[in-house]
Amino acid sequence: MESDRILTAPPGGRCRSPCCRCWFLLFLLLLFISVSFILCVEWRSALFTTAVFLGYDAAPQDLSEDTLRDVVRRIFTKVNFTHRRVPEVRELHRLNTHLFSVIPPHFLPEVRNPCWFQELRGDVSADPYSSNLFTGLFMQPVFAHLNASFRQSLLLHDGKLLRFRCLPYFYIIGQPKCGTTDLYERLQLHPHVQLTALKEPHWWSRKRFGILLPGEPPKHLFPLDHYLDLFDPVARQIQHRVLGNSSWSIITGEASASTMWDSSGCEYMHGCSSGPEPLSLTQDFLHALQPHARFIAILRDPVERLYSDYLYFGSSNKSAQDFQLKVCESLRMFEACLQHNTLRGCVYNNTLRNAMSVRLQVGLYVVFVLDWLSVFSRDQLLVVRLEDHAADPARSMRSVFRFLGLEPVSAQTELLISKRPVSNSRRAAASSLGPMSTHTRDLLTHFYTPFNKRLCAALQDQAFMWDHRSAHA
């Protein structure tokens, strides 16, 4: 039959008739529909699971201004600022015995930086560089980059092979999209400051639990020794000055913008995930190990921070309208969480954080500030406003240098600090999208204002109300 001839391909060849092409296109269409349906079901399943956990109705909602203002008002009626329970040191020892076995309870008094001599355990012969310990040390891939100068930094004392180790003297702890990179770069211009080549190790908040990126499950742990390796260059400089009885000292630090707010790794630590709030936070371990450390937090208007965060980290197809939809959805999720949890329980809630499409909770600065001040004294935490830092970098850095106990820099260095271009500013592609809508700005201002008031009271500084917003940074 004629139809059979049309549908049958010639021997050894492919069917080239128009009908064959139609069948092939139909097959592709059905395949696309099937895959889309599967993906849609999986997405809805994940959304449903999150919605059930949070008590959030994922159905389309009323986005009118009055309705959303009611959502914000209801949020703050559920907010209750309570004092957190600070875990005892013995509890922290139980959670991470290795951490306390490597870092000593006391550091060398000769230097300002927290440093000590770490004993490399093993069978150390008279020639330490021929010992099995030393050979095994350098056979590990992580140490492959170390050169002969490292060998010279090791000391043999009473048959023990010692290695000079240091932790940071100070930490820039947050917040993201608030100028931590610019602060980090200008700090390096001081002659007595040596910072890590890697600005954000994220070790305390993520990598010690094996977390590489927020929202991802742990992969493999980054040992404490790997973190200490970051400070080897400055440790060698300090060691030479200690052995040479030099009075000139340098300090080191790091600038992981997640340290202040991200305690997601806590749920992977035994005992942390039980209860409505995390039983231990990053600052608890830092205080137990470095009770005299100093911390710098740089903050900006949380409304502008959130939009900058969206433009920098958000998905494709960004727009002011898309940002507004994500803000409204996230506000409703936050309200739903507060129906069953405390404020702190929601701020540190990993499920909520991964479900929200914008990071509202990062701008609730007062929660994090109060939690850090629950273990550290007020004079150990310097809080800087990005708006002030951007307006007068030289003055801002003088304040930072005083806080760190550093000598004033020369007039030439101060000129370099003030003239240095801004680091990690908004990208041109993001700037072309323009500002957020007035409706979104008003809504976010309404949401953050009560928290800003509490922050002003905690810091005794009305400037943190951000009543006079400066230009976008």
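Modeller: Let us begin with the disulfide, which is a pair of cysteine sulfur atoms within 2.5 Å. The model is a predicted one, in which local features need pLDDT of at least 70 and side-chain atom pairs count only at pLDDT 80 or more, while totals for chains, interfaces and linings use all residues. Residues are numbered from 1 along each chain as its sequence is written, and side-chain values use heavy atoms, with hydrogens and water left out.

Colleague: How many disulfides does the structure hold?

Modeller: The structure holds 2 disulfides. In one of them, the sulfur atoms of Cys-115 and Cys-166 are 2.0 Å apart. In the other, Cys-337 is joined to Cys-346, with an S to S distance of 2.3 Å. Both values meet the limit of within 2.5 Å.

Colleague: Why is the disulfide of Cys-115 and Cys-166 called right-handed?

Modeller: The torsion about its S-S bond is about 105°, so this disulfide is right-handed. Cys-115 belongs to strand E1 (residues 115-120) and Cys-166 to strand E3 (residues 160-166), so the pair ties together parts that are 51 residues apart in sequence. Strands (E, at least two residues) and helices (H or I, at least four) are DSSP runs, numbered from the N terminus.

Colleague: What is the handedness of the link of Cys-337 and Cys-346?

Modeller: With -105° about the S-S bond, the link of Cys-337 and Cys-346 is left-handed.

Colleague: How do you know whether Cys-178 is buried or exposed?

Modeller: A residue is buried under 20% relative accessible area, exposed over 50%, and partly exposed in between (1.4 Å probe, protein chains only). Cys-178 has a relative accessible area of 0%, and therefore counts as buried. Cys-456 has 2%, so Cys-456 is buried as well.

Colleague: What makes Ser-263 count as buried?

Modeller: Ser-263 has 13% relative accessibility; because this is under 20%, the residue counts as buried. Ser-263 lies in the loop between strand E6 (251-254) and helix H11 (282-289). Leaving aside neighbours within four places in sequence, Ser-263 is in contact (heavy atoms within 4.5 Å) with Leu-281, Thr-282 and Tyr-348.

Colleague: Which strands pair with E6?

Modeller: Two strands pair if DSSP finds at least two bridges between them. E4 (residues 170-174) and E6 have 2 bridges, and E5 and E6 have 3, so each count meets the requirement. Both pairings are parallel. Tyr-171 has Glu-254 of E6 as its bridge partner, and Gln-194 has Thr-252 of E6.

Colleague: In what order do the strands form the open sheet?

Modeller: The 5 strands follow the order E5-E6-E4-E7-E8, with parallel pairing. E5 (193-195) and E8 (381-385) are the edge strands, because each pairs on one side only. E7 (residues 294-299) is joined to E8 by 5 bridges; for example, Ile-296 has Leu-382 as its partner in E8.

Colleague: What makes both faces of E6 count as covered?

Modeller: In a regular strand the side chains alternate between the two faces of the sheet. In E6, Ile-251 and Gly-253 on one side and Thr-252 and Glu-254 on the other are all buried.

Colleague: Why is H16 called roughly parallel to H21?

Modeller: Two packed helices are described by the angle between their axes and the distance between the axes. H16 and H21 (residues 438-459) pack at an angle of about 30°, and their axes are 8 Å apart. Angles under 35 degrees count as roughly parallel, over 145 as roughly antiparallel, 65 to 115 as roughly perpendicular and the rest as oblique, so H16 is roughly parallel to H21. Axes are lines fitted to C-alpha atoms, for helices over the stretch in contact, with angles from 0 to 180 degrees between N-to-C directions.

Colleague: How many residues of H16 are buried?

Modeller: In H16 (residues 365-373), 7 of the 9 residues are buried, and the helix is mostly covered. Among them are Phe-368 and Trp-372.
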